[in-house]
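Open your viewer and get the selection tool ready.

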Amino acid sequence: MDDVWLVDFYAPWCGYCKKLEPIWQEVGAELTRSGSPVRVGKMDGTAYSGVASEFGVRGYPTIKLLKGELAYNYKGPRTKDDVIEFANRVSGPAVRSLPSRQMFEHVLKRHSVLFLYVGDESPLKEKYTEVASELIVYTYFFSASEDVLPESVTLHELPSVVVFKDGTYFTYDEYEDSSLSSWVNRERFQSYLPIDGFTLYELGETGNTALLKGLIQRVAAEHRDQFNRDFQFGHMDGNDYINSLIMGEVSVPSIIILNTSNEQYFVPAEPVEDLQQLLQFFSSVLDGSAPVLSDPPHSPPSVFRSSPLLGCFLFGLPLGVISLMCYGICMAESDDDTELMKRDGFTDEEEEEGEEEEQQRLTAGAEGEEEEDAEKIEQKSPTEKKVD
């Protein structure tokens, strides 16, 4: 429990795990050479399924940093530098202290986004420490006194939480920015950044709407107050990834707004030629008046349009199986009825013949009784007939 472990949970049959193996060896060697307290190991999750289940492993490979009773998931690119940076960040204290202005300026140069608590002990610092313990997997958290800050930074009140990014700084407002955790999760990205599959995955966890492939740095910088709560701005090289994500075709260059919470996406109804048109498009998405592409990303029409063979397989196979099941159930019921009638000794024709024979017997019996009554009457004397 006192050690810090960086563990790769793998499966022998997993191709991605085999690809990670040489990188994982380099990570272990580098952390050992640097004197890091992090110990590197790996575990076959299929052979030790109980341990893997205890740590919440759902797929392979899964990288976790185990620190005391906490287990942190690594969700970034599987490169040596990125994994080592994650290990060094998470293995240290959740909140790092900056004792001097020189140290603050040094750290500010190294980090594109920097969160800083300024002030003494307070309930806000307790919340800040809790948030740092949760979100340290994504970014660093620091604390300092007010005299550490340069003269260009002015805080209206203390204590405060400040984020430095994009060449400026922004202060957390408890009344306007809701919870501190949500604010940090939203502000941990630069206003405008390159986007890839890993970044898009992280954006989905913030609850923001991601804007891809845009020439919109002016919007990100000049209209931050208007759109920062709802949008994350960025660009993506090429259209292969976004095409596979929406199962459609996006031309280059294009502007697309992707809602990562429900995979709904929007494109401008007309080509965007100036900043005003772009701002109107953003506003229309927020107020619900923006045109949505005709089909949701994974609806049957869009699937058939993008890949007819795949659509036939995905939707035709289940329908065929259900039809066969219904046909089998109906035939089984028909066979059961026939078998039941056979066990009773009847078919439909035999039952009709039996009813006709029974009717004939009843008719013959009635005629026989009438003849017997007539014979008895003939045998009586004139006196008996008179009495009758």
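The tour visits a pair of helices and then a group of strands.

This is a predicted model, in which local features need pLDDT of at least 70 and side-chain atom pairs count only at pLDDT 80 or more, while totals for chains, interfaces and linings use all residues. Residues are numbered from 1 along each chain as its sequence is written, and side-chain values use heavy atoms, with hydrogens and water left out.

**Stop one: two helices.** Select helix α1 (residues 15-33) and helix α3 (residues 80-91), whose axes come within 9 Å and cross at roughly 45 degrees. Helices here are DSSP runs of H or I with at least four residues, and strands are runs of E with at least two. Axes are lines fitted to C-alpha atoms, for helices over the stretch in contact, with angles from 0 to 180 degrees between N-to-C directions. Angles under 35 degrees count as roughly parallel, over 145 as roughly antiparallel, 65 to 115 as roughly perpendicular and the rest as oblique; α1 and α3 are therefore oblique to each other.

Now show side chains: I23, W24, E26, V27, E30 and L31 of α1 meet K80, V83, I84, A87 and N88 of α3 (contact means heavy atoms within 4.5 Å).

**Stop two: strand β7.** Select residues 141-144: F141 and S143 point one way, F142 and A144 the other, and all are buried (under 20% relative accessible area, 1.4 Å probe, protein chains only).

Y117 has S143 as its bridge partner in β7. Strands pair if DSSP finds at least two bridges between them.

Methods
Buried < 20%, exposed > 50% of the residue type's maximum accessible area, 1.4 Å probe, protein only.
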